[in-house]
Amino acid sequence: MWSNVISLDKGQNLEFKFIENEVSKISALSTAIEESPNRKYLYLAGLCDYADEIRVKLENIIVEYFLTYYKSEYFIKVLNLTEVNHALATLVSTMVCIDREFERAFVVKELSKLSSYDLDGIFHFRLRPLRNSWLEMAQMCKELFAIGADDTDIFNVVSYISATGNTREVILSLTYDNEFKLKNLKTNSIVPILKVYDNEEFDVLHAILANKATKIVLDEQILSKPMLKALHRIIKVKKGL
């Protein structure tokens, strides 16, 4: 029998729920949850025959956790963002989404050295080189904020740090029926919208940036004016649907 455990600080409920939900989708895996005064533990067990397959899926989940949730929280904290508007959400998500392939490879390499997943410890010690590069990027933004920056300045920074762009055409559609739904029109597949922020429109911005979309088709009436302004700064917007 193969077994392992994922542990996380008890204060990170949203992140733990994300991990628990994603892990529950792995077939041939049993789970159990325990709590201590300060931590939550997700115990895992599965047949040895499926150990390699399970580990790969677990690593994908943990990579998403570190490079989406933890990285977002890191920038919000370092930049002292007590309030986030559409422009700041675009900036944070842009910083989160760049260098994804390189950072993913680094995290997977570090995870392969471990026998269990103490996520806080991994982030603070194993991923220190990534945090150092994140700090350099955050420092540039802090210098901008120090001299005063409006939304236009923030979007200019977004354009600068994402200047390499995307060589592939990725066209999405956005609809709303009690919740936002993104769809890739070329692959006819649903695009996941992760709950990164406490704001649905910010989460949509993050999903668009994470998928390196080049165009989006939508009914503008389903969005707020600040959201439309943000979209027009980062992507081609086509009215439709």
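Predicted model: local features only at pLDDT ≥ 70, side-chain atom pairs only at ≥ 80, totals over all residues.
Residues are numbered from 1 along each chain as its sequence is written, and side-chain values use heavy atoms, with hydrogens and water left out.

Select residues 51–78, helix α2, together with residues 100–111, helix α4, whose axes come within 10 Å and cross at roughly 125°; helices here are DSSP runs of H or I with at least four residues, strands are E runs of at least two, and both are numbered from the N terminus. Axes are lines fitted to C-alpha atoms, for helices over the stretch in contact, with angles from 0 to 180 degrees between N-to-C directions. The two helices are therefore oblique to each other, the class left over when angles under 35 degrees are called roughly parallel, over 145 roughly antiparallel and 65 to 115 roughly perpendicular.

Next, display the side chains of the contact (heavy atoms within 4.5 Å), which includes Phe-66 and Leu-67 of α2 and Val-107 and Val-108 of α4.

Then move to Asn-80, in the loop between α2 and α3 (86–97), which has a positive phi of about 55° although it is not a glycine. Asn-80 is exposed, at 57% relative accessible area (exposed is over 50%, buried under 20%, partly exposed in between, with a 1.4 Å probe and protein chains only).

Finish at Asn-188, in the loop between β6 (180–184) and β7 (189–191), where phi is again positive, near 55°, and the residue counts as exposed at 55% relative accessibility.
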